[in-house]
Amino acid sequence: MTIQDRIAKANADVADRAGENQPGLLARLKVGDIALRVVAGLVLLYLFIPIAVIVAFSFNNPQGKFNYTWQGFTLDNWADPFKYPALTAALRMSLNVAAVSTAIALVLGTLLAIALVRQRFRGDRLVDGFLILPLTAPEVVMGASLLVLFLDLGWPAGYTTIVIAHIAFQVSFIAMTVRARVRGFDWTLEDASMDLGASPARTFFKVTLPLIVPGIVAAAMLSFALSLDDFIITYFVSGPTVTYPLYVNAAVKAAVPPQINVLATAILVVSLLLIGIGTLYRRKRIDT
């Protein structure tokens with residue numbers, strides 16, 4: 001028997017043994033796949049149950065001040081979602097803070113992300129460490145440190161300090177998100193644009209910016225959501241200013257009207273609509 005015959009026979013034996021073990025292997029893979037799906041389903045159920053409760057209790061008809069137990073279905077809460085002026089003012093303040101802080105942090109974080117990816121300089125790793133620090137530091141530490149800073153500067157706590165505090169942690173989230181998008185950018189496109197006579201500013205707005213817009217939009221949505229529901233840092237630096245999370249925290253001790261659930265559900269629906277629109281837009285761009 002030649003060497004080639006021995007190799008062929010060995011391969012045939014291996015194939016036969018694999019065929020014999022294939023049913024058992026497929027059975028184990030099927031069981032593992034089912035177990036993974038069950039675990040994933042339980043995790044998703046755990047995450048979405050609180051959201052489902054909030055949505056359900058926005059249709060509740062409580063008999064007292066606290067919307068904690070189901071009393072009956074009603075649409076009256078949705079007919080008058082702004083029944084309580086203080087709650088409406090708190091939500092308006094949260095939206096204002098989130099919009100202003102996100103706009104400022106978006107510019108700073110985007111420019112920082114582009115600089116970190118495109119340029120290599122001494123101390124860039126140190127900048128990376130400072131960029132990650134707000135993401136890893138406990139919010140209590142960050143809120144207390146910002147409060148001490150504002151007190152040392154003699155700044156009264158209020159709207160301005162809330163915006164500055166939100167920008168402080170939003171910049172990191174935006175820079176990390178945009179940075180992930182910029183990493184795959186082909187910088188030769190900028191060189192080609194400038195070779196054709198475009199100025200650096202025109203190249204940025206006509207070539208670079210349109211290509212990284214999806215990352216910027218994703219960063220803006222994440223930053224806006226984080227600012228809208230922030231409680232701990234805002235609690236330290238808010239002073240007399242009341243945002244939506246602060247109002248909800250205080251309402252737990254006095255009264256919890258169903259309008260809190262109504263506004264929370266409305267925010268959820270708007271967020272889902274924005275995500276859906278963004279997804280359809282990206283798919284449309286890919287198809288075209």
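From the N terminus on, the elements of this chain run α-α-α-α-α-α-α-α-α-α-α. That comes to 11 helices and zero strands. Helices here are DSSP runs of H or I with at least four residues, strands are runs of E with at least two, and both are numbered from the N terminus.

Some housekeeping. This is a predicted model, in which local features need a pLDDT of at least 70 and side-chain atom pairs count only at pLDDT 80 or more, while totals for chains, interfaces and linings use all residues. Residues are numbered from 1 along each chain as its sequence is written, and side-chain values use heavy atoms, with hydrogens and water left out.

On confidence: pLDDT is the predictor's confidence in each residue, from 0 to 100. The chain averages 83, and 86% of the residues score at least 70. Where pLDDT is low, the predicted coordinates should not be read in detail.

Next, the annotation. An unreviewed UniProt entry places the feature "transmembrane region" at residues 34–59, 97–117, 129–151, 157–178, 211–238 and 258–281. The UniProt positions are given in the numbering used here, feature names are shortened, and annotations may be inferred rather than shown by experiment. In the model, residues 34–59 are 92% helix and 0% strand, with end C-alpha atoms 36 Å apart. Residues 211–238 are 86% helix and 0% strand, and their end C-alpha atoms lie 38 Å apart.

For the chain as a whole, 30% of the 288 residues count as buried, meaning under 20% relative accessible area, with exposed being over 50% and partly exposed in between (1.4 Å probe, protein chains only). A contact means heavy atoms within 4.5 Å. Of the contacts with a separation of 6 or more, residues 24 or more positions apart account for 75%.

The search uses a 1 Å grid over the protein atoms alone: a cavity is a set of points where a 1.4 Å probe fits but cannot get out, a pocket is an open set with protein on both sides within 12 Å along at least five of seven lines, and lining residues have an atom within 4 Å of a point. Grid points are joined across faces, edges and corners, and a volume is the space filled by probe spheres set on the points.

The largest pocket has a volume of about 1,100 Å³. Its lining has 34 residues, and L228, D229, A264, I267 and L268 lie nearest the centre. The elements giving two or more residues to that lining are α1, α3 (85–118), α8 (200–228), α10 (244–254) and α11 (258–287). Helix α11 gives the most, with 13 residues. By class, the lining has 29 nonpolar, four polar and one charged residues. In this scheme Ala, Val, Leu, Ile, Met, Phe, Trp, Tyr, Cys and Pro are nonpolar, Asp, Glu, Lys and Arg are charged, and the others, Gly among them, are polar.

The second largest pocket has a volume of about 240 Å³. It is lined by 18 residues, with K83, Y84, P257, P258 and Q259 nearest its centre. This lining has eight nonpolar, six polar and four charged residues.

What lines the largest cavity? The residues are S94, V97, H166, S227, L228, D230, T234, T243 and P245, around a volume of about 40 Å³. Helices α3 and α8 each give two or more residues to this lining.

H166 lies in helix α6. At 2% relative accessibility, H166 is buried. Beyond its neighbours within four places in sequence, H166 is in contact with V97, S101, S227, D230 and T234.

R179 lies in helix α6 as well, residues 159–182. Is R179 buried or exposed? It is buried, with a relative accessible area of 9%. Not counting residues up to four places away in sequence, R179 touches A113, L116, V117, D128 and L131.

Last, N67, in the loop between α1 and α2. N67 is buried at 5% relative accessible area. Leaving aside neighbours within four places, its contacts are F57, N60, P62, V256, P257, P258 and N261. N67 and A255 are 188 residues apart in sequence but 8.2 Å apart in space, C-alpha to C-alpha.
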